[in-house]
Amino acid sequence: MSSNNKVTSEEALAYHLEPKPGKYEITASKPMTTQRDLSLAYSPGVAVPCEAIAANPECAYDYTTKGNMVAVISNGTAVLGLGNLGALASKPVMEGKSVLFKRFADVNSIDLELDTEDADEFINAVKLMGPSFGGINLEDIKAPECFIIEQRLKEIMDIPVFHDDQHGTAVICAAGLINALHISGKKIEDCRIVLNGAGAAGIACIELLKSMGARHENCIVCDTKGVIYQGRTEGMNQWKSAHAVTTELRSLEEAMEGADVFLGVSAKGAVTPEMVAGMAKDPVIFAMANPDPEITPEEAHAVREDAIVATGRSDYPNQVNNVLGFPYLFRGALDIHARAINDEMKIACANALAELAREDVPDEVDMAYGRKLAFGRDYIIPTPFDPRLIYTIPTAVAQAGMDTGVARRPIIDMAGYEASLKERMDPTASILRGIHARAKAAQARMVFAEGDDPRVLRAAVNYQRSGLGQAVVIGRDEDVAEKLTRAGLSDAIAEIEVTNAAKTEYLSDYKSFLYKRLQRNGFDRGDIHRLAARDRHVFASLMLAHGHADGMVTGATRKSANVLKLINHVFDATAETGSVGITAVLHNGRIVLIGDTLVHEWPEPEDLANIAESGAAVARALGLEPRVAFVSFSTFGYPDTERSHKMHLAPGVLEQRGVDFEFEGEMTVDVAMNMQAMAQYPFSRLTAPANVLVMPARHSASISVKLMQEMADATVIGPILTGIDKPIQLCSTVATANDILNMAILAANQVGK
């Protein structure tokens, strides 16, 4: 199985460059607007917590970010599989690691790159920064210095120090092995285990497995010079020597004969099919070399159908992915103010991951991966996007830390702690994953109407390369090729399909269809030819109407109202025919749908009810349970004015229709979205904050969306056009390539519905 997600150098650089350099920014969590705010934040107010911390250092966890702050630190001597690139070149990786901490476990993190290869200098620098952080994540440091650095820092610091390249891999490997042995009915103490690769990750893997019960004499460690045996002197160090065994075996091939388990953190092709054929019944093969495993699952299964295979690759089942471990290990450790992350906490993490994989998989996870997942040989490790990870793994880690005495502040109410972890989840992330998964399953042929715009071309290329379906661009071949080349995407010319409106074989059919629709609306045959052969919005609509495409994205180069008029030459996309524009606004982990932002200029109560039903349908398509609020400047009749009265009447229309979702109104936005404000009205039918806001008019809807976008830097998706026979989505003229791609994904979600 090969990956569909081809990433070019140009795309990777653009991702890191736009719209701002880097992958994260720091924002204040307290108000900083008034003079009083500044007096509290800095002088003189800040003196009070300073004195409290001086009197009791534990107060730093209460009055500063220390308790939820991890430093990701590297010197760049072993960057990914790229080698010694140096401290500065490692920064993109460290920024990425910091982002993963925040994304998966809501742990604040900052990256620090130390420009030294001297272990003592590195150790001293990290030690001196210790008061700033609740934990230290070491990353991409070459062996053997990584062993020295981590061990020494663990001894001299009173916060967790964790080298993820070692222990992150070890924990996930252990979790997978627990389940692989569960399936094969073997016990770890009885297994013959062969490890190939005696670097940082390999040594950590074998040490953790031994602490879980694997017997020293049953574990054979190999490196590039063969088996590490008692008495060997060539290429040895103290960490390898600790795992030397008394054996006559000298090569990996000899060691693999009759082995139950193979662990590989070495190099592509290190394991041959013949080696796999000689292993014991139900062999477990963790070929974790990246980017290419020691042996592929296809090669292993060709000789041993009973093999249980895991790799480090996301495009194969059973991915050994560190992101399943380090965010949650630190989450649990930080929440008990741990002095260290010990073996018991790592084993607890591995056991919790293994147990989670044996439970029923939520539908949203199946949807995100486009297939039904169930515990078995191809599913022994949970997926990184399982929403249960955030509240199952940290609780196990925290409990183990408390049981082993490394907790400064034990958690008394574990049920309450688990509930608080659930609240840290970002619901928008799972919603967006579901949208992507459904689009990928649809494999829609998507028309990008404006092939003369570089943003549209980048979106089309991303759509194609993300494995979402076939991208079709409307434009002239030479013009598209020139713009792709200028954007650094010349290799995409052969991938996407370019259609020239003037040269298509279907032009005659398209013109006949269009003439029948418009001949009584003042259009002659010359007008029809110009529309069909020269206007890309009309031509793309004609392709869609004739089944030559599954969906359509346009609007990046012209105002949406003008584009909608052109689309209406081919389709019926008006207020009278039931079309509605719903815009999704995502901000601070919340998603709100706002309508109508596109079609209805001044909706009446019946129209408002239609907008509400369309908004509820979009909400459910996104995986949300709709709660609709008809919003105004008045709440439940006060003040009662002509402009608010229609919002007062609209809920009555929905009552008569007997809809199956919550709705309420009219109400101000704060009442609709803030449960404390809503509590003033105990008769309200909403059981939680509204997530669908029906606005009094198009202008108020548009103003609200754009204000959120500009003032709060909210992510805006839409308007999502509903009520048309075919999937058509309109972008804004200020849309980025990613915005356009999102609209294509939304269109793909509507295919077949």
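Q: What is the handedness of the crossing of H20 and H31?
A: The model is a predicted one, and in it H20 and H31 cross in a right-handed manner.

Q: At what angle do H20 and H31 pack, and how far apart are their axes?
A: The angle is about 50°, and the axes are 8 Å apart. Helix H20 covers residues 454–465, and helix H31 covers residues 737–749.

Q: Why are H20 and H31 oblique to each other?
A: Their packing angle is about 50°. Angles under 35 degrees count as roughly parallel and those from 65 to 115 as roughly perpendicular, so H20 and H31 are classed as oblique.

Q: Which residues make the contact?
A: H20 contributes Arg455, Val456, Arg458, Ala459, Asn462 and Tyr463. From H31 come Ala737, Ile740, Leu741, Ala744 and Ala748.

Q: How do the residues of that contact divide into nonpolar, polar and charged?
A: Eight residues of the contact of H20 with H31 are nonpolar, one is polar and two are charged.

Q: Turning to pockets, how much space lies in the second largest pocket?
A: The second largest pocket holds about 660 Å³.

Q: Which residues are the closest to its centre?
A: Ser560, Ser702, Lys706, Pro719 and Ser732 are the closest to the centre, out of 28 residues that line this pocket.

Q: Which elements each supply at least two residues of that lining, and which gives the most?
A: Helix H25 (560–567), helix H30 (698–711), strand S20 (715–722) and H31 each supply at least two. H30 gives the most, with seven residues.

Q: And the lining by class?
A: The lining of the second largest pocket has ten nonpolar, eleven polar and seven charged residues.

Q: Now for cavities: how many of 30 Å³ or more does the structure hold?
A: The structure holds one cavity of 30 Å³ or more. The volume of the largest cavity is about 40 Å³.

Q: What lines the largest cavity?
A: Its lining is formed by Ile431, Leu432, Ile435, Ala584, Leu586, Ile591, Leu622, Ile717, Ile720 and Leu746. Helix H19 (427–442), strand S15 (580–587) and S20 are the elements that give two or more residues, and H19 has the largest share, three residues.

Q: How does that lining divide by class?
A: The lining of the largest cavity has ten nonpolar residues, no polar ones and no charged ones.

Key. Residues numbered from 1 in each chain as written. Predicted model: local features only at pLDDT ≥ 70, side-chain atom pairs only at ≥ 80, totals over all residues. Heavy atoms only, no water. Axes fitted to C-alpha atoms, helices over the stretch in contact; angles between N-to-C directions. Helix = DSSP H or I, 4+ residues; strand = E, 2+ residues; numbered from the N terminus. Parallel < 35°, antiparallel > 145°, perpendicular 65-115°, else oblique. Left-handed = near helix turned anticlockwise from the far one by under 90°. Contact = heavy atoms within 4.5 Å. Nonpolar A, V, L, I, M, F, W, Y, C, P; charged D, E, K, R; others polar. 1 Å grid on protein atoms, 1.4 Å probe; cavity = no way out; pocket = protein on both sides within 12 Å on 5 of 7 lines; lining within 4 Å. Points joined across faces, edges and corners; volume = space filled by probe spheres on them.
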